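Subject: The two-chain model

Hi,

Here is the model I promised to pass on. Could you open it alongside this note and follow along?

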Amino acid sequence: MAEVASRLSGADPVLRLVLRRILLSLVSFFVISAVIFAAVEILPGDTAQRALGREATAESVAILRNEMGLHDPAIVRYGRWLGNVVKGDLGVSMVSKRPVADTLAQPLRHTFLLGALVLAIHIPLSLFIGVSCALTRDGPLDLALSALVLVAMSVPDFVIGIFLIVVFSVELGWLPPLALIDQANSWTEALWMLVLPVLALNAAMTAYVVRQTRDSMIEVLNSDFVRVARLRGLPPVRILLSHALPSALGPAINAIALNAAWLVGGIVVVEAVFNYPGLGRLLVEGVRFHDVPIIQAIALILSGTHVALNLAADIATTLLSPKLRTQTS
Amino acid sequence: MSPGKRFAEPVATVPLAPAGARRRAVGDFLARLPPAARLALLLLLAAVAASALAPWIAPFSPIEIFVGSPLEPPSLVHLLGTDTLGRDVLSRVLYGGRTALLMSGSAAALTVLVGGGLGLVLGYSGGLVDEIGMRVLEIVASIPSVILALLVVGALGPSIPVVIVTVGLLAVPSSTRVVRAAALAFVAEDFVLAAKARGESRFAIAWHEILPNVAGTLLVEFAIRTGWAVILIGALAFLGFGAPPPTPDWGAMINEGRGALDASIWPVVAPALAIAALVLTVNVLTDGIARALGPAR
């Protein structure tokens with residue numbers, strides 16, 4: 001009876017906590033949209049002047065300012081922009097004069113493909129290495145992997161990418177140095193181009209999850225219930241798979257979700273390294289050419305994804321940790 | 001209570017011993033650094049010395065073009081070869097060290113100054129001020145830093161001060177959080193309550209009672225932020241939003257040499273190794289400082 005009661009009262013705060021987090025994320029998303037708008041529009045430089053270039057006459061700048069509604073106060077323009085975004089209208093690129101939504105469609109698919117491939121390799125690989133380290137704790141494998149992980153964590157993602165290009169493209173000639181998958185003739189060629197960017201991002205991300213998995217796994221392996229399972233004479237593989245691993249997964253899942261959020265920023269830089277035709281490269285080009293609608297749309301998409309992934313990390317932790325506690329008591 | 005906590009509580013603070021032991025001798029502290037960290041400290045000092053002495057030890061000017069023919073391989077004259085414009089790569093790497101150390105050091109100092117100050121104020125104030133402050137910082141922190149840095153630096157136009165201030169301020173939320181947590185550990189301590197009872201001002205309490213106890217946290221935070229700033233500043237320069245050319249900058253050098261990798265890898269590999277080595281050194285040192293200051297794990 002007491003247990004049921006404690007569970008009922010226990011479920012409610014968790015649900016409330018999750019709802020609170022979702023609400024907070026929505027609020028942050030709105031504030032982020034305002035920050036992005038401010039960073040691009042209110043800071044120095046006139047959008048119309050930039051769009052027309054330095055040679056433009058004062059008259060044509062004034063006409064464009066009118067057309068773009070730049071005479072309205074910033075808050076009005078922000079409201080108009082946000083309203084259009086909600087309606088799905090992201091504006092028109094100032095450089096290509098095409099609708100932003102059309103310009104973004106293809107790069108968005110490319111970036112999503114790259115991110116999905118990275119995670120599909122990242123999750124099983126880093127869990128496997130982390131568990132291996134924990135099982136051979138302080139042995140040669142653990143020490144070697146820990147050192148490698150520290151090095152990989154220290155080297156910036158774009159430097160890893162450059163080293164990969166130098167070794168595998170320039171010196172060995174095995175893989176293409178650029179990932180121009182929009183110019184690939186076949187699926188296999190495109191996949192071949194993706195090897196190095198996927199490797200570079202994985203090298204940068206693996207360290208964190210390996211550390212988290214290793215540490216939480218070691219704690220679980222030292223805990224009473226694993227010791228009891230061992231004393232009961234259960235086979236080691238079964239102890240590992242059905243006892244230790246599920247309990248150790250909580251912090252690891254949190255780390256993976258945080259990593260996925262980090263990937264949103266990391267992908268921008270790594271796309272630039274390999275000239276990968278995704279959102280990141282488009283964003284860097286947009287900033288270079290002051291293409292405001294493009295910058296705003298991409299920054300909004302990437303930041304929104306980042307917020308959503310952080311939210312997922314939080315919810316995963318919230319949902320997993322109380323369960324872990326009730327399992328052990 | 002469940003028997004035995006399964007997950008260790010995060011260590012919120014790295015307190016120094018109170019009162020008398022506060023002014024610990026530097027030698028004593030060095031003795032407690034793990035060997036790897038002592039080696040890292042030595043390497044870092046060597047890097048600082050090499051970049052400080054760059055005008056005297058660099059064989060050529062870092063910005064003078066065609067001191068050799070373009071893309072020469074390493075030789076006795078040009079130990080690391082020359083770049084596409086015939087500039088000496090070794091000289092540029094040495095001077096690039098100045099750019100990297102000065103920019104990331106200044107950015108980290110700015111972070112710790114602002115973040116540390118905010119953390120102390122929020123931690124000591126508590127209540128509504130704390131709640132609102134932390135929410136605002138949380139929201140700012142939820143924008144990916146590379147993207148926000150690109151937007152701000154892109155809008156203001158890349159220059160050394162703009163990059164330093166942008167990168168420095170971007171890390172403020174996380175520094176604030178760490179210092180606030182460290183400060184919170186002391187607000188209910190007897191010596192703080194005693195100071196409050198003596199009628200000392202909030203500022204005096206934060207400055208005299210809490211600050212000395214979170215000094216270790218601030219030092220670790222500065223080290224962490226320096227390593228982070230080297231990476232972000234390097235990435236921005238690589239993307240073309242760093243110190244304007246011809247300033248010797250590792251990130252920019254990597255970007256400039258990329259197109260000619262087939263002809264010579266040295267203009268790219270040398271600065272890439274330099275940036276990787278610097279971050280690794282700073283990270284090992286940070287780890288060591290945290291261990292030497294923190295409770296034994």
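A word on conventions: residues are numbered from 1 along each chain as its sequence is written, and chains are lettered from A and ligands numbered from 1 in the order in which they are written. Please keep in mind that this is a predicted model, where local features need pLDDT of at least 70, side-chain atom pairs count only at pLDDT 80 or more, and totals for chains, interfaces and linings use all residues.

Chain B has 12 helices and 0 strands (helices are DSSP runs of H or I with at least four residues, strands are runs of E with at least two, and both are numbered from the N terminus). Its C-alpha trace spans about 75 × 45 × 40 Å along the principal axes. Of the 297 residues in chain B, 48% are buried, meaning that 20 or more other C-beta atoms lie within 10 Å of the residue's own; 12 or fewer makes a residue exposed, anything in between partly exposed, with C-beta atoms placed from the backbone.

One helix pair in chain B is worth a look. The axes of α4(B), residues 89–125, and α12(B) come within 10 Å and cross at roughly 35 degrees (axes are lines fitted to C-alpha atoms over the stretch in contact, with angles from 0 to 180 degrees between N-to-C directions). Among the residues making this contact are Gly96(B) and Gly97(B) of α4(B), and Trp266(B) and Pro267(B) of α12(B). Contact here means C-beta atoms, placed from the backbone, within 7 Å. By class, the contact has 9 nonpolar, 2 polar and no charged residues (Ala, Val, Leu, Ile, Met, Phe, Trp, Tyr, Cys and Pro are nonpolar, Asp, Glu, Lys and Arg charged, and the others, Gly among them, polar).

Now the interface: 36 residues of chain B are in contact with 43 residues of chain A. On the chain B side, α6(B) gives the largest share, 9 residues. That side divides into 26 nonpolar, 8 polar and 2 charged residues.

In chain A, Arg20(A) is found in helix α1, residues 2–41. Arg20(A) counts as exposed because it has 12 C-beta neighbours inside 10 Å. The C-alpha atoms of Arg20(A) and Glu189(A) are separated by 46 Å. Finally, just after α4(A), Gly88(A) takes a positive phi of about 95 degrees.

Happy browsing!

Note on methods:
Two residues are in contact if their C-beta atoms, placed from the backbone, lie within 7 Å.
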